[in-house]
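Morning, everyone. I have one structure to walk through today, and I'll keep it short. Here it is.

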Amino acid sequence: VLVVAAVAFLLWWRRQTARTLMGRLAVPDQMARLTPLEFERACAELFRNLGYRVSLTPTSGDEGVDVMLERDGEREIVQCKHYLQSWVGSPEVRDLLGAKQDFRVARAYLVTSGFFSEPARALAQRNEGLHLWDRNMLTATAARLVREQLLRRSAGEAPVTAVETDGDGFVLTTPCGPVRAGTVVNAAGLGAPGVARLAGRGDWEYHPCRGEYHVLDKDTGSLI
């Protein structure tokens, strides 16, 4: 029984870790702090949440493929490039094209934490089945998946455990991963001081009342 429980806990812990890594793709600053291996695992979890069965290839001798995908009986491949300070160019696209032909798959993805050069994009457009995902594509897709996971949870199952400022917005830490928000509205009522402490604003004064309702009129932009 103890062995079964230990294995179940290990599997749960690995999935939680994978979800957390995927969520970090939604925030560029957190994506930048991933190691190359963590970046590959995060990308694998992202594709898993898009409905694929995924498997990571060995760290050495991967023949130009980092993640194998399978869905509806079809295989696809992913190459990950954790490039923060440089652009992904046409040589990397040619490598992916060669791997696509070697593995005889219809679709291949080149995923990067950076951006692609114009020659790289032009080469991909000339070859059917090559898909380039840059930092913007990754952050948008990861953010959408994290929000979808939060919506599937019941109230109270996805508490915000930390609030950090991020440029002109905020990053909220949740069990499903970080969520970036432009505005955070404190609607905690009697729990408002605790929420304020998460945001690092313990100096705010609160006068919470029960039973009051405030309606935000979207057209007028005012509170009624």
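**Cysteines, cores and a helix pair**

Let's start with a cysteine. Cys80 is buried, at 8% relative accessible area. One caution before going on: this is a predicted model.

So where is the closest cysteine sulfur to that of Cys80? It sits in Cys43, 4.1 Å away. Cys43 is buried as well, at 1% relative accessibility. Searching the whole structure turns up zero disulfides.

Next, the nonpolar cores. In general, nonpolar side chains in soluble globular proteins tend to be buried together. Here, the largest nonpolar core holds 27 residues. Which ones have the most contacts inside it? Leu25, Phe39, Leu46, Phe47 and Val111.

Helix 3 gives the most, with six residues.

What does Phe39 touch, once neighbours within four places in sequence are set aside? Among its contacts are Leu25, Met31 and Leu34. Cys80 is on the list too, and so are Val111 and Leu138.

Helix 3 and helix 6 pack with their axes 11 Å apart, at an angle of about 55°. That angle makes helix 3 oblique to helix 6. The crossing is left-handed. Who meets whom? From helix 3 come Phe39, Leu46 and Asn49. From helix 6 come Leu138, Thr141, Ala142, Leu145 and Gln149.

Last stop, Gly23. This glycine lies in helix 1. Is Gly23 buried or exposed? Buried, because its relative accessible area is 0%. Leaving out neighbours within four places in sequence, Gly23 is in contact with Val146, Gly177 and Pro178. Gly23 and Pro178 are 155 residues apart in sequence. In space, the two are 5.6 Å apart, C-alpha to C-alpha.

To recap: zero disulfides, a largest nonpolar core of 27 residues, and helix 3 oblique to helix 6. Over to you for questions.

Technical notes. Residues are numbered from 1 along each chain as its sequence is written. This is a predicted model: local features need pLDDT of at least 70, side-chain atom pairs count only at pLDDT 80 or more; totals for chains, interfaces and linings use all residues. Side-chain values use heavy atoms; hydrogens and water are left out. A disulfide is a pair of cysteine sulfur atoms within 2.5 Å. Buried means under 20% relative accessible area, exposed over 50%, partly exposed in between (1.4 Å probe, protein chains only). A nonpolar core is a set of buried Ala, Val, Leu, Ile, Met, Phe, Trp, Tyr and Cys residues joined through side-chain atoms within 4.5 Å. Helices (H or I, at least four residues) and strands (E, at least two) are DSSP runs, numbered from the N terminus. Contact means heavy atoms within 4.5 Å. Axes are lines fitted to C-alpha atoms, for helices over the stretch in contact, and angles run from 0 to 180 degrees between N-to-C directions. Angles under 35 degrees count as roughly parallel, over 145 as roughly antiparallel, 65 to 115 as roughly perpendicular and the rest as oblique. A crossing is left-handed if the near helix is turned anticlockwise from the far one by less than a right angle, and right-handed if clockwise.
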